Amino acid sequence: MQLNNNVTEFILLGLTQDPVRKKIVFIIFLVFYLGTLMGNLLIITTIKTSQALGSPMYFFLFYLSLSDTCFSTSIAPRTIVDTLVEQATITFSECMIQVFSLHFFGCLGIFILILMAVDRYVAICKPLHYPTIMSRRVCAMLVAMAWVGSCVHSLAQIFLALSLPYCGPNVINHYFCDLEPLLELACEDTYMVNVLLVSNSGAICSVSFVLLMFNYVVILYSLRNHSAEGRRKALSTCISHITVVVLFFVPCIFIYTRPATTFPMDKMIAVFYTIGTPLLNPLIYTLRNAEVKNAMSKLWSKKLISDDVR
């Protein structure tokens, strides 16, 4: 691909240019990011070390926590550092890497949420066939397909970003690199690129959200045939999943399914799904899941015992 770019680096305006507010942003992002790391890494460690969490649901939860950790890491550390400097800059190559990683791990999280919904559907609606349908091998293949699909999506985003000529200005009115703010810096008409963007990222968000909600409606409808205890347990799990789906997809749909126009609220909405949702996911899954909490308690008890022995 032949590039016609005079821009070698971009200036990121961030969330604010006010020194006092930048300190507030620094504290909020640092606290949220550290909370995201601790929460998701705790889930990853617990699932890897606990034999009680060997079911497909926790297999997928492991990868959801992994994708959330990487997704947040692709944005939060740089944003935290940028609040400490007067003018934040990012090279063209680093900007493209951020676009790729943001969309790769974001898309991976979407696909994992779909797999978790399928797992719950099979477990609740087809319990007798569950061990066969959701075998370890099948789950591994599904996760591998999710990784491949995420890579294809991200490569498409990079292709769109590199196809645009950037000849100035180089100021991005955002705190990270993404296709929407980059479209405003292109030196040519971006109508077709925006159409491709909406049909790619926008379609993935919208279609996935509709499919997920339809799946959970079917699950909730089928619960009428279950016992009271079975309904309670299944309902608790589904509510956790639905909460995660709504919190992540609604902001993404707002950002990626409209024409290439920016609103003042865009950056705040982006804050919610880039650092807010990855922090909330481990809280939602642990606070509403007795098995995960028990496994974490056992893991913590083993650690205390080993420390006492030393």
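**View 1. The side chains of Asp119 and Arg120 meet in a salt bridge, with N and O 2.8 Å apart.** A salt bridge here is a side-chain nitrogen of Lys or Arg within 4 Å of a carboxyl oxygen of Asp or Glu. Asp119 and Arg120 are both buried, where buried means under 20% relative accessible area, exposed means over 50%, and partly exposed lies in between (1.4 Å probe, protein chains only). By the salt-bridge rule the count comes to three. This is a predicted model, in which local features need pLDDT of at least 70 and side-chain atom pairs count only at pLDDT 80 or more, while totals for chains, interfaces and linings use all residues. Residues are numbered from 1 along each chain as its sequence is written, and side-chain values use heavy atoms, leaving out hydrogens and water.

**View 2. Arg78, Asp82 and Glu94 are linked in a network of salt bridges.** Between Asp82 and Arg78 the closest N and O atoms are 4.0 Å apart. These two residues are four apart in helix α3 (residues 76-82), so about one helical turn separates them. Helices (H or I, at least four residues) and strands (E, at least two) are DSSP runs, numbered from the N terminus. Asp82 is buried at 14% relative accessible area, and Arg78 is partly exposed at 24%. Arg78 also forms a salt bridge with Glu94, with the closest N and O atoms 3.2 Å apart. Because Arg78 lies in helix α3 and Glu94 in helix α4, this pair ties together parts that are 16 residues apart in sequence. Glu94 is partly exposed, at 35%.

**View 3. Three strands form an open, mixed sheet in the order β2-β1-β3.** Strands pair if DSSP finds at least two bridges between them. The edge strands, β2 (88-91) and β3 (171-172), each pair on one side only. Helix α4 (residues 92-125) packs on the sheet and touches β1, β2 and β3, a contact being heavy atoms within 4.5 Å. The direction of α4 makes about 85° with that of β2; axes are lines fitted to C-alpha atoms, for helices over the stretch in contact, and angles run from 0 to 180 degrees between N-to-C directions.

**View 4. Strand β1 (residues 9-12) and β2 run antiparallel and are joined by four bridges.** Glu9 has Thr91 as its bridge partner in β2, and Phe10 has Ile90. Ala88 and Ile90 make up the covered face of β2, whereas Thr89 and Thr91 make up the uncovered one.
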